[in-house]
Amino acid sequence: MEGERGARARASVDLGPQCPNCGEPWLRPTNLPGRYRCVYCLHRFELTSVCPNCGEHSTIVRMSSTAILKCNACGDSMLQAV
Ligand SMILES: [Zn+2]
Ligand SMILES: [Zn+2]
């Protein structure tokens, strides 16, 4: 199910988005679109299409590995714990 040991090794040199839960830059995309997992605290998050803070809709760039994780309007995280 997990099978991400290779990605985890690469993560040591490629710091990514910060985890909303622990604040560490270990957030990694999973094999599910819009789903992310923190390899530091192992929490899972889902990228929402509507900002949970201000309600602004956001366009999710799913083809990019560096998807936009923050609201364009208020800068709040678009990630919600799963
Ligand atoms: Zn975390
Ligand atoms: Zn917002």
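Which residue in strand 3 is the bridge partner of R37? I looked this up before anything else. The partner is R44. I note here that the model is predicted.

**Entry: strands 2 and 3**

Strand 2 and strand 3 run antiparallel and share three bridges. Five residues separate the two strands, and the unit is a hairpin. I then checked the turn. L42 sits there with a positive phi of about 65°. I flagged this value, as L42 is a residue other than glycine. By position, L42 belongs to the loop between strand 2 and strand 3. Is L42 buried or exposed? I find 52% relative accessibility, so L42 counts as exposed; the cut-off for that class is over 50%.

**Entry: strands 1 and 2**

Next I went to strand 1, residues 27–29. Strand 1 pairs with strand 2, residues 35–38, in the antiparallel sense, through three bridges. I looked up P29 and found it opposite Y36 in strand 2.

**Entry: the zinc ion**

Which atoms coordinate the zinc ion (ligand 2)? I list the SG atoms of C51, C54, C71 and C74, at 2.3 to 2.4 Å. I checked the angles among the four donor atoms and got 106 to 116°, a tetrahedral site. For reference, the ideal angle for four tetrahedral donors is 109.5 degrees. The donor residues follow the spacing C-x2-C-x16-C-x2-C. I then placed two donors on the chain. C54 and C74 both lie in the loop between strand 3 (44–47) and strand 4 (79–81), so the pair ties together parts that are 20 residues apart in sequence.

**Entry: the nonpolar core**

Which residues make up the largest nonpolar core? I count eleven residues: C19, L27, Y36, C38, F45, L47, C51, L69, C71, M78 and L79. Strand 2 and strand 3 are the elements that give two or more residues to this core. I cross-checked against the earlier entries. Y36, the residue opposite P29, is one of the core residues.

Definitions and conventions. Residues numbered from 1 in each chain as written. Chains lettered and ligands numbered in written order. Predicted model: local features only at pLDDT ≥ 70, side-chain atom pairs only at ≥ 80, totals over all residues. Heavy atoms only, no water. Donors = N, O, S within 2.8 Å, 3.2 Å for Na, K, Ca; no water. Tetrahedral: all angles 85-135°; square planar, octahedral: opposite > 155°, others 65-115°. Helix = DSSP H or I, 4+ residues; strand = E, 2+ residues; numbered from the N terminus. Pairing = 2+ DSSP bridges. Buried < 20%, exposed > 50% of the residue type's maximum accessible area, 1.4 Å probe, protein only. Core = buried A, V, L, I, M, F, W, Y, C linked by side-chain atoms within 4.5 Å.
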